[in-house]
Amino acid sequence: MEMSNKKTSPFLSFLFISAIFIQCFPYVSSIGVNYGTLGNNLPPPSQVAQFLKDKTIIDKIKIFDVNPDILRAFANTGISVTVTVPNGEIPKLLDIGYAKSYVEANIKPFYPQTKIDVIAIGNEILHWETPEVQNKLVPAMRTFYQALIQSGINTIKVSTPHSLGILLSSNPPSMAKFRPGWDVGILAPMLQFLRETKGPFMVNPYPYFAYNPQQVDFLLFKQNKGVFDRFTKKLYTNMFDMLLDAVYMSMKRLGYGDVEIIAAETGWPSLGESFEPQCTVENAASYNGGLLRKYVSGAGTPLMPHRKIETYIFGLFNENTKPGSAAERNFGLFRPDFTQVYSIGIMKGEPLPLPLPPKPLPQPALPQPQPLPRGRRHPAKPHVPRPGKPALKLPAQPIPKPVLGKKFCMPKPEATDAQLQANLDWICTNQGVDCRPVQVGGLCFNPNTVRSHASFVMNSYYQTKGRNDFNCDFSGSAVIVFADPSYGTCKYLS
């Protein structure tokens, strides 16, 4: 990828068209939202359903379970609902009898009064689950679909959301492809099933996780020079389009470019920790506002022009009991009392705001090179093109020393030993990473602590799996740093 030198930016054309559209059609819009419930101060589902129906343009919700109170509350509202079967149910769903009983208990009592459109079988299975569970995913989807048909339900689609960890590469989009092994072993059979049943391929694109101060305008739908794909001659003015086109090209390589794509999760938090300077109200409003404008315009992407991709913002509410950093608890469009965190045109009768102008941001102080844990089912971090090396402002510390141009994956400071042990077990058991340096007698065995061992192993995974931002996520327990954590004879990969 290379930066374009063209004087005329498609962003300006898009801005002009958006302005006309917003003035002429201020109320003709809709969007989906993820309705999470990890809070002890959230309003009851009945109030939520009434609020969304009466006050907002939200016409679709996605939930992370089959909560009967929510399904009951959204009956006869006209709001579409995507429900999620928990990951742990996947092995049992291979049994058609169990799948039918699950449908009878959790779907039929609410359908069709509640407009259930899609049932997601698990969430980000390829990113977090073991190969054993991964290999059962497509058979479970097929069995569950048959259970629906045999139960007399033939209008609900079956799918499963993916993190962008399914991509081997995403930059440039024209050269993107799925990871070897998953491509023909799991994703091709899944796409074949989705083609047969007219179901959507669901992905979770999060430009937020690729935050880079030098490209903040590109991430936030602000005016920027754009990123040029020299193979397709397409100019990208925002990263959301790049990620979706990378998914599209990966599907097309397998022969399934015709399958519908849904952006099942995407968003930006409005508040974070001191080491998360990107988490501001202005940035969240700019990203989600730009996302809404884009969706309403129906402009599509450079490789999928005029294709309106169903999109779900994450999330509906700030959730005060969600684990992880403060950012995890501040993805919401609304506070629990239904007041807006910021205004982007979600309320009925509220015009969509024009894009914010680009604004130079100060260089953030880099976080201390210490470990982070696996928090919530964090979406994976996508790859972002980096046209130039940033001028880094490093915190004052004698060690470790910063190495310009190199990045390391470390646990976050608040990670627990249990979370880090889970990371260790997962990497050393399933991922082909050399863990011998942290074993007895290894160069990195001392200090003999879970945190020290996890730091080395998590970084090794990040370095050997492509050094993409999404390779350093670990359910939100890791952070990319620029200071070399090597010590003594223990040398970290870079």
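Reader: Why are α6 and α7 called roughly parallel to each other?

Author: This is a predicted model, in which local features need pLDDT of at least 70 and side-chain atom pairs count only at pLDDT 80 or more, while totals for chains, interfaces and linings use all residues. Residues are numbered from 1 along each chain as its sequence is written, and side-chain values use heavy atoms, with hydrogens and water left out. Helix α6 (residues 131-150) and helix α7 (residues 182-197) pack at an angle of about 10 degrees, with axes 9 Å apart. Angles run from 0 to 180 degrees between N-to-C directions, the axes being lines fitted to C-alpha atoms, for helices over the stretch in contact. Angles under 35 degrees count as roughly parallel, over 145 as roughly antiparallel, 65 to 115 as roughly perpendicular and the rest as oblique; α6 and α7 are therefore roughly parallel.

Reader: Which residues make the contact of α6 with α7, and how do they divide by type?

Author: With contact meaning heavy atoms within 4.5 Å, the residues include L137, M141 and Y145 of α6 and W182, I186 and F193 of α7. They divide into ten nonpolar, four polar and two charged, where Ala, Val, Leu, Ile, Met, Phe, Trp, Tyr, Cys and Pro count as nonpolar, Asp, Glu, Lys and Arg as charged, and the others, Gly among them, as polar.

Reader: What makes β6 and β7 the edges of the sheet?

Author: Nine strands form an open sheet with parallel pairing, in the order β6-β5-β4-β3-β2-β14-β13-β10-β7. β6 (157-159) and β7 (161-163) each have a single partner strand, so one side of each is left without a neighbour in the sheet.

Reader: How do you know that β3 pairs with β4?

Author: Two strands pair if DSSP finds at least two bridges between them, and three bridges join strand β3 (residues 58-62) to strand β4 (residues 80-85), which run parallel. K60 has S80 in β4 as its bridge partner. β2 and β3 also pair in the parallel sense, over four bridges, with I31 opposite I58 in β3.

Reader: Which way do the residues of strand β2 point, and are they buried or exposed?

Author: I31 and V33 point one way from strand β2 (residues 31-34) and G32 and N34 the other way, and all are buried, that is, under 20% relative accessible area, against over 50% for exposed and partly exposed in between (1.4 Å probe, protein chains only).

Definitions and conventions:
Helices (H or I, at least four residues) and strands (E, at least two) are DSSP runs, numbered from the N terminus.
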